[in-house]
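Please look at the sequence and the 3D structure below. A short report on some of the side chains follows.

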Amino acid sequence: VAAALAPSTRGQYAGAGHIFLMFCMFIEGDNFAMPVSDTVLCLYLQWQSLTVDPKNLKTKLSALRYLHEHLGYVWIPPSERFMVHRCIMGLKRLCLTPVRRKLPITPALLIRMRLCPYIDWSTLVMIVVWGAMLIAFFCFLRKDNFTVDKADAFNTRVHLCRDDAVFGRSDVTFTFRHSKTNQFHARVHRTKAVQIPGHLLDPVRALVNAFKVCPQANAAGPAFAVPTSDGGMAPLTHRLFVETLRYCLSKIGVDPAMFSGHSFRRGGATFAHRMGVSPLLIKLMGDWSSDAYMTYIDNATPED
């Protein structure tokens, strides 16, 4: 039963459920009872809208549904609760903000970061991060494809291992067995990074250098690993990757708040589209299960 939810979803639901129960106890005190009444649920949603965009309230409601059903209570959907449904519609009308997507990483930004004299790319961590950056960009990877949430959370069944990268004459083939759209290992997804000989943004050369940082890594170990102070190694975490990205962007005078780890996926898809790559091939390479990949293509960002 516990394995039915992804660890991140399970943690998110647990946190949201705890906050919800604390809110209900604050509002109703000793009179609080489950299942939650329409009035208390409306007050909770209104309170959440002070810090949460109304378009994300659906996630909060999913957590409440899980909490109720997990405890054996009947959960009535908001669409069947007149007050709650109208409350959500009203919050969207009053509080909804425009979608602000993170900007895509471009080849020009990558080159500027690489040539910046204030960034030391010779350190072992930076060598690994650079390899991860180029692979993430050219393969349109999600953050979970090449990083882990925590250093001790590496799982060979979920994360990219070293032997999942197979080198060819002029490319590297990656095999992914798990992703956001393939959580139950129903298939494998393969994609390639092609060599760009002599170019600053050659992903194959960057990957080889990244692998050399931890030569003791075994085939079932993390693809991207950084050395530790005790002489061992640890998988590259999403936090370290994003913090390094933001540090590099700040060094070239670019606002790091406008970018995230997902900027590489969006940037790679945008660059491929501008180079004339077929939309269906972009969808296949990026492992999109729907036409949502079209929203990743940014036509507003300058090509340089």
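This is a predicted model: local features need pLDDT of at least 70, side-chain atom pairs count only at pLDDT 80 or more; totals for chains, interfaces and linings use all residues.

Trp47 is found in helix 2, which covers residues 38-48.

## Aromatic pairs

A pair of aromatic rings is described by the distance of the centres and the angle of the planes. The structure holds 13 aromatic pairs. One of them is formed by Phe140 and Trp288: the ring centres are 6.5 Å apart and the planes stand at 35°, so the pair is tilted. Phe140 is in the loop between helix 6 (124-138) and helix 7 (143-146), while Trp288 is in the segment after helix 11 (279-285), so this pair ties together parts that are 148 residues apart in sequence. Phe140 is buried at 3% relative accessibility, and Trp288 is buried at 9%.

Phe174 and Phe176 make a stacked aromatic pair, with 6.4 Å from centre to centre and 25° between the planes. Both Phe174 and Phe176 are buried.

## Thr244

Thr244 is part of helix 9 (residues 238-251). Is Thr244 buried or exposed? With a relative accessible area of 7%, Thr244 is buried.

A polar atom of the Thr244 side chain lies 2.7 Å from the backbone oxygen of Leu240. Leaving aside residues up to four places away in sequence, Thr244 touches Met126 and Val129.

Conventions:
Residues are numbered from 1 along each chain as its sequence is written. Side-chain values use heavy atoms; hydrogens and water are left out. Helices (H or I, at least four residues) and strands (E, at least two) are DSSP runs, numbered from the N terminus. Buried means under 20% relative accessible area, exposed over 50%, partly exposed in between (1.4 Å probe, protein chains only). A polar contact is a pair of N or O atoms within 3.5 Å; within protein, one must be able to donate a hydrogen and the other to accept it, and residues adjacent in sequence count only if both atoms are side-chain atoms. Contact means heavy atoms within 4.5 Å. Rings of Phe, Tyr and Trp (its six-membered ring) pair if their centres lie within 6.5 Å; planes under 30 degrees apart count as stacked, over 60 as edge-to-face and the rest as tilted.
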